[in-house]
Every structure is written in C-alpha cells, then in structure tokens.
Amino acid sequence: MRSHLSLIAFVISFLLVSVTSFAPRKNRYSTSDNTDKHRRSDGRIYPFSRVCKTSFPYELGASSKLAEEILWPMTTFFADMVDQSSGPFYYLCFPSKGEKEKRCVPIRDMAAIWDATKALQFLRERNVNIMERSSCDILSNAIRESIQAYNSFYQPIANGVALSKEVLLEKPNIAHSAMMILACAGAMRLSLLDNSLDSIPPIEKLTRGILSSQLPNGSFLPEFIGSEDDMYREIEFIPGEAMVALMEIHDLSTNMDGLISSETRKDIKSSMMKAFEYYSGYYYERDVGINYNIWQIQAFAKLHSSLSLQSPENSDKLSSIRSYVLDLCDDIIDSKAWKHELSRGQSFYPNLHTVEIACGLDSLVDGLGVVRSLADDPESRALRYEINIKNALYFLEWAQKRVPVESPAGYGGLGYGGVQVFEQRLDVTGHAISALTKILRV
C-alpha cells in the first residue's frame, strides 16, 4: 500500500513540474502549431496557423503603449547618430567601444533621413522635455542638411531626372530617386523644406524619372534603361521601394497643390495598376524570398487605401489587391522566424535576426490596416496579425534592452540580434521606428 502511495505521489510531482516548466509565459501571445488549409487568391492551397484561444482578453491598446515605450529611446538613439560636426548620419555604432562609423551607402543615407522624419514627427506630437527638444533640433537640422547634400546635381532621364553619379559616387537607380522622394515627403509633412534650403528638390521630375523606367509589361528597370532581363535585378527591393515612393508622393499631393501635376498623379495611378498585374503575377508564379514581400506589401497597401476612397467601380480590383497584400502578410507570419521562433517566447529570441522582425513588422502593420477595411473577416486575420504584432513588440523590447542605458554608445537602438550586441545599426532601427509609428496610427 505504501509503495502504491509513493508511486502516486511521484507521478503527481512529476506532472506538476512538467506543467510548470512548459506553461506559457504570462501575457505571451502565440499562434498554435496546428495547421489548416486556406485557398489563396490564385487557387493554390497552403497551410497557415490557427489562432489559439486565449483565456485572457487581447487589447491592441496595450500594443500602442508598448510601441511608444520602445520609441522614446529610439528617437534619442537616432539623434545620437547624427554627426553634428561634419554631418549627416553615422551608420554603425559599437556599444562596448563607444565608437561610431560612417558608411558611404547613399540609399541607406536617404532612408535614414526618411526614418528621422518619422522619429521627429513622433516627438513633435508629444510634450517633450528639454533633452527631447534638443533631439528635435538635432534631427531637424540633420534632415535639412542631409537633403541639401544630395540636392545638387541631377542627370536627365527621359522626361524626368535622376540623382547624379557625381553626387552618389555610384551608378544611379530608381531606388535612389525613391529614397530622395520619401525623405522629401517626410520633411514636407513637417514643413522642413522651406527657404532654409538653397533650392527645393525637383520632386515632379524625380517622379517622372521613375515612371519612365517602367516597361510595357508593368515591371520597372532598376537603372532606368536596359534590357528586359535587367528587370529581375534586385527585384526583392528596388521596384517595391520605387512604388512606395510613387504612392507616398501621390497621397501627399492630395493635400499639397502644385507638388506634382494632375497628369503625373494620373500616371502614378496608371503605373501602379500595371505594376500590380506584373508583380502579383510574378509572386504567384514563382518562389520568392520573404524580402520580396516587405516592400510589395507597403506599396500595394497604399494603393488599396487610395482606391478605397474612390468610386465602387474599383471593387473587383480592390479585392484582387487586398488578396495579394494579405497573402504576402500570411507568408511573413508563416515563415520560420515568425511562426516557429518568435511565437515561442524569449528562449528563442537569440536565434532571431532583428532586421527580419523589424522589417516584417513594418509591413504587417500595413496589412492589418487592409484587413480592418473589410466588412467581414471570416478567417480572423485581424486577430492573427494583432497577435503577431504583439509578439514582435515583445522581441523588439527585449532586443533593445541588450544595450543598457549606461553604455558608451548604442542605447535605444537595434542591431543584428543575439544576446550579446557587438554593433547597433541605423537602418534596422529605422525600420523599427517606421513600424512603431504606424502602430500608433492604426
């Protein structure tokens, strides 16, 4: 009898230890590893994670609060990465050494200007203290000076222009023009492009330059001219960046008369519709890397939003664009990093690449905006996206804290990933700032 009782006690103790060891972290959201089948808009079948049922309410407001808490140190980091003596931005910093380093990568420089405008807008919308006002001044000056540094020489492209090789120190492509347009758009939203500049960048002509690079099949040539084979070069990045810029300036021109001509506005919309046919077809017919999805989502979520404001005659096209954007988003949350590592909590965080989560989050928030435009959401995509967004925020919070506040450099930023941080990067932090500011507006 005693031996039976001892055996029962041992089994109960073992079960209690097991339950404790494998219980999910408090307030940690995850998707189940169970799979179901979902028919894509192209007719193919693919698996996706079912949303697990939680015993506690999910509140998106909590995501906004956490996003804001992560953003504050990031704005300080961005201001700290400005070279106030010779300008503009440092690209890397090394926390353990307290050192910073520049890199001659014009596309990243201009992307940093665009990200800086988002950080500055975040600060301007809040009551800031003296230190944060200093960050505002530093960022404002850096944005103006950086735009002016590239706003000097242009070369003619068809009926538009491109940034000159003499300025870039490399062969110009449509991504350079795109990032210049995006940086200027961000600065104009903050009223930073005024008489303080020697001249206003030629937004209309830069836009026309990108439009001139589009082939009859809807694809874009990266370097403005070339053969049809060239359209595949860096297809994961360059065309998507160009399309985001086209839609950004299209949307901004709605409230800024004279920014671009009415003809250019129409041509942008026509160009985007042609591009949708090509790039969605490319996606459904081929195996593409997850990098392809990031910029495509952002570009066509903007197109979806723009078309949604117009007449009901766009309903069929809207449905196709929406399906494409959501399929791209589903790929992100079904990827190995998001589904099998991010969702499983902090013990898996050291396996993740920070840039993969920051970029994915930047796009997934746009996808959530598209889902919320639906009158009905039978697949509970909104909840799935919200859960994954919250998981990504937990990870970014963890990654940011790898560098303590007393560190000689790098506090508030993000780097490559892992428990030990050797470097913090401006571009990774910029992607995160973009995502976090979107969360606050969703």
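**A sheet, an aromatic cluster and a nonpolar core**

In strand E8, arginine 425 has leucine 414 standing opposite it. Helices (H or I, at least four residues) and strands (E, at least two) are taken here as DSSP runs, numbered from the N terminus. The model is predicted, so local features need pLDDT of at least 70 and side-chain atom pairs count only at pLDDT 80 or more, while totals for chains, interfaces and linings use all residues. Residues are numbered from 1 along each chain as its sequence is written, and side-chain values use heavy atoms, with hydrogens and water left out.

The pairing of E7 with E8 (residues 424-425) is antiparallel and runs over two bridges; two strands pair if DSSP finds at least two bridges between them. Both belong to an open sheet of four strands, antiparallel in its pairing, with the order E4-E3-E8-E7. At the edges stand E4 (99-101) and E7 (414-415), each with a single partner strand, so one side of each lacks a neighbour in the sheet. In total, the chain has 15 helices and eight strands.

The loop between helix H14 (381-400) and E7 holds glycine 412. Is this glycine 412 buried or exposed? Glycine 412 is buried, because its relative accessible area is 0%; buried means under 20% relative accessible area, exposed over 50%, and partly exposed in between (1.4 Å probe, protein chains only). Leaving aside neighbours within four places in sequence, glycine 412 is in contact (heavy atoms within 4.5 Å) with Pro73, Met74, Phe77 and Gln400. Across the chain, 70% of the contacts between residues at least 6 apart in sequence join residues at least 24 apart.

Next come the aromatic rings. Rings of Phe, Tyr and Trp (its six-membered ring) pair if their centres lie within 6.5 Å; planes under 30 degrees apart count as stacked, over 60 as edge-to-face and the rest as tilted. By this rule there are 16 aromatic pairs. In one of them, the ring centres of tyrosine 283 and tyrosine 284 are 4.9 Å apart and the planes are at 65 degrees, so this pair is edge-to-face. Tyrosine 283 counts as buried because its relative accessibility is 3%, and tyrosine 284, at 16%, is buried too. Both residues belong to one aromatic cluster, whose members include Tyr232, Phe276 and Phe300.

Charges can also sit over rings, which is counted if NZ of Lys or CZ of Arg is within 6 Å of the ring centre and within 35 degrees of the ring normal. Lysine 97 lies over the face of phenylalanine 94, 5.9 Å from the ring centre, and the charged end of lysine 102 sits over tyrosine 90, 5.6 Å from its ring centre.

Finally, the interior can be described. Of the 442 residues of the chain, 54% count as buried. A nonpolar core is a set of buried Ala, Val, Leu, Ile, Met, Phe, Trp, Tyr and Cys residues joined through side-chain atoms within 4.5 Å. The largest such core has 136 residues, and Ile249, Phe300, Trp338 and Leu361 touch the most other members. Helix H6 (residues 174-189) gives the most to this core, with 12 residues. Not counting residues up to four places away in sequence, leucine 361 touches several residues, including Trp338, Ile389 and Ile439. Threonine 207, in helix H7 (residues 203-212), is buried, with a relative accessible area of 0%.
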